[in-house]
Amino acid sequence: MIARVIVVMATLAAPFVAPAAQTIRPAVVEYPVQGRGKFELVNESLFPLTVVLEPRGFRVDENGTLGDVPFDSSNVDVKLSAMSFRIPPLGTYTVYYEARARRLPAWFMVLSSMTGARTHTGINVRVELPHVVYLLQREPLQKEEVAVRAFDFDSVGHRAVLELENTGDALGRVVASEVSATGKHGQPFGGFPLFPQSRRRVEVPWDGVEAPDRVLLRFANFSVEERRGTARP
């Protein structure tokens, strides 16, 4: 019997760590125009692992849910230093690659399928870990192309609810963000991509006594700050 563990997230910058003690690092990278990079796969188990690599496409919907789409080989070229290999127990393997796209921006992942690990009950485990790559356009996303369309507070669910829109044709990434109440310490909620001509809904848990009234979004070249009640529909 084989149990399948899939660890696929497109918005984090930290290494992905699978429950079966395998790690990929870095998890997310971005390059201007074309990429030349590497990532490491770490086997922290006591079993040798067989790894198969595959370039894959993906999409992220308005709620941040990741979906699988075919890899667009007509637009993106990816050269990997290896397509399959073995990692010894407690070992590390480094994969080198080059990527370029005919049309920018572009994004894809290199999915590492790892087999050979077993649970304490003897069940074979297959782990899939992604290395996400963003190839950015020459001109970065501009501040005036980012709009906070809604900023509400759900007092029953204790969460701030944001709706953001990228009105431009450039891909941008929020690298840090937080919501806060006036004069109070903010609640960070991490980073995420903002795709061209798309909206993104974000829900942030909030346990403060006062309702949050400020959101701060930090991009690579600018920041966007909005007060609750001033969002543009």
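Figure 1. Where pLDDT is low, the predicted coordinates should not be read in detail. The protein chain as a whole averages a pLDDT of 89. A score of at least 70 is reached by 90% of the residues.

**Figure 2. Four strands form an open sheet in the order β17-β16-β20-β21.** The pairing is antiparallel. Strands β17 (187–188) and β21 (223–227) are the edges, and each pairs on one side only. Strands of a sheet pair through backbone hydrogen bonds, either parallel or antiparallel.

**Figure 3. Strands β16 and β20 are joined by five bridges.** Strand β16 covers residues 176–180, and strand β20 covers residues 214–218. The two run antiparallel. Val179 has Val215 of β20 as its bridge partner.

**Figure 4. Glu30 and Arg173 meet through their side chains in a salt bridge.** The N to O distance is 2.9 Å. Glu30 lies in strand β4 (residues 28–32) and Arg173 in strand β15 (residues 172–174), so the pair ties together parts that are 143 residues apart in sequence. The structure holds 18 salt bridges.

**Figure 5. The largest pocket holds about 180 Å³ of space.** Its lining comprises 13 residues. Closest to the pocket centre are Leu136, Leu171, Gly172, Ala220 and Asn221. By class, eight lining residues are nonpolar, three are polar and two are charged. Rolling a probe the size of a water molecule over the atoms shows where empty space is left.

Terms used
Residues numbered from 1 in each chain as written. Predicted model: local features only at pLDDT ≥ 70, side-chain atom pairs only at ≥ 80, totals over all residues. Heavy atoms only, no water. 1 Å grid on protein atoms, 1.4 Å probe; cavity = no way out; pocket = protein on both sides within 12 Å on 5 of 7 lines; lining within 4 Å. Points joined across faces, edges and corners; volume = space filled by probe spheres on them. Nonpolar A, V, L, I, M, F, W, Y, C, P; charged D, E, K, R; others polar. pLDDT = per-residue confidence, 0-100. Pairing = 2+ DSSP bridges. Salt bridge = Lys/Arg side-chain N within 4 Å of Asp/Glu carboxyl O.
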